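Trainee: I'm new to this one. Can you walk me through it?

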Amino acid sequence: MLLLISPDGVEEALDCAKAAEHLDIVDVKKPDEGSLGANFPWVIREIRDAVPADKPVSATVGDVPYKPGTVAQAALGAVVSGATYIKVGLYGCTTPDQGIEVMRAVVRAVKDHRPEALVVASGYADAHRIGCVNPLALPDIAARSGADAAMLDTAVKDGTRLFDHVPPDVCSEFVRLSHASGLLAALAGSVGRSDLGPLTRIGTDIVGVRGAVCEGGDRNAGRIQPHLVAAFRAEMDHQSRKHAAGVPAAN
Ligand SMILES: O=C[C@H](O)COP(=O)(O)O
């Protein structure tokens, strides 16, 4: 399982760089503009320059409206600025067809510029609170639009977690559907260390985290702490060893 960490700007990205050996992807976002809030192109560029070259940089394009042209242009901005994972939060899409239309436009814009970039179609575990597409529709939206990964995050950051809205057995189905379509499955949403056992067992490819590696567990007021990134990775490694050894869930 890969660890994706979301700093809110260049200073925090430098803290991520200090913990670079413990993480896999640096994800540029602007949390004060939403769960998948988009940051400025120059911030993506500065962060790309600040983190080790072997660490891919991801960028969120926003909690986007159902406006394929607008979103495609924003996605191109992210890839031109140096991101190689492009994450789109389908906040304003109320049907799978709308999600596919937006994602097809994004995939074309991104891959015309950089064919090897990975496009991530993200939905929300708490979709019922905002009226967007159902979490289990994401793998099909991603597959039918030519994206590379399906993701879930939480839209409302009020302390509720991924598993509060989409329990582990449904997340497992999300992963199964993603893999059946040849996609990576990414999961996030106030994920804590105690969630890593189930996330490992269901075969999650990427876990996205912010709050759990911020001071005081506070994704807004706290700042990313390199020692918390290291501790989070240590628990991931522990869970992965347990899983490989076939240790039952309760131990
Ligand atoms: O993509 C990952 C998100 O930034 C997760 O943030 P969170 O762990 O604070 O919910």
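Trainee: What should I know before we start?

Mentor: This is a predicted model: local features need pLDDT of at least 70, side-chain atom pairs count only at pLDDT 80 or more, and totals for chains, interfaces and linings use all residues. Residues are numbered from 1 along each chain as its sequence is written, and side-chain values use heavy atoms, with hydrogens and water left out.

Trainee: OK, the ligand. How many residues surround the ligand?

Mentor: There are 16. The closest are Lys29, Lys157, Ser190, Gly211 and Arg219. A residue counts as near if one of its heavy atoms lies within 4 Å of the molecule.

Trainee: How do the residues of that shell divide into nonpolar, polar and charged?

Mentor: Four are nonpolar, five polar and seven charged. Here Ala, Val, Leu, Ile, Met, Phe, Trp, Tyr, Cys and Pro count as nonpolar, Asp, Glu, Lys and Arg as charged, and the others, Gly among them, as polar.

Trainee: Which strands each supply at least two residues of the shell?

Mentor: β6 (149-153) and β8 (206-209) do. Strands are DSSP runs of E, at least two residues; helices are runs of H or I, at least four; both are numbered from the N terminus.

Trainee: What does arginine 219 do at the ligand's oxygen?

Mentor: An N or O atom in the side chain of arginine 219 is 2.6 Å from an oxygen atom of the ligand. The backbone comes in too: a polar backbone atom of serine 190 is 2.7 Å from a ligand oxygen. For arginine 210, a backbone N or O atom lies 2.9 Å from an oxygen atom of the ligand.

Trainee: How much of the ligand does the protein cover?

Mentor: The protein covers 99% of the 310 Å² of accessible area that the ligand has on its own. Those areas come from the Shrake-Rupley method with a 1.4 Å probe.

Trainee: Back to serine 190. Where is it found?

Mentor: Serine 190 is in the loop between β7 and α9. Its phi is near 50°, a positive value in a residue other than glycine.

Trainee: Why does serine 190 count as partly exposed?

Mentor: Because its relative accessibility is 31%. Buried means under 20% relative accessible area, exposed over 50%, partly exposed in between (1.4 Å probe, protein chains only).

Trainee: What about arginine 193?

Mentor: Arginine 193 lies in the loop between β7 (184-188) and α9 (196-201). Arginine 193 is partly exposed, at 42% relative accessible area. Its C-alpha is 33 Å from that of arginine 144, 49 residues apart along the chain.

Trainee: New topic. Valine 120: buried or exposed?

Mentor: Valine 120 is buried, with a relative accessible area of 5%. It lies in strand β5 (residues 118-124).

Trainee: And aspartate 54, buried or exposed?

Mentor: Aspartate 54 is exposed, at 62%. Aspartate 54 is found in the loop between α2 (41-50) and β3 (57-63). Aspartate 54 and alanine 20 are 34 residues apart in sequence and 9.6 Å apart in space, C-alpha to C-alpha.

Trainee: Last one. Which helix holds proline 168?

Mentor: Proline 168 lies in α8 (residues 168-180). Proline 168 is partly exposed, with a relative accessible area of 32%.

Note on methods. Polar contact = N/O pair within 3.5 Å; in protein donor to acceptor, adjacent residues only side chain to side chain.
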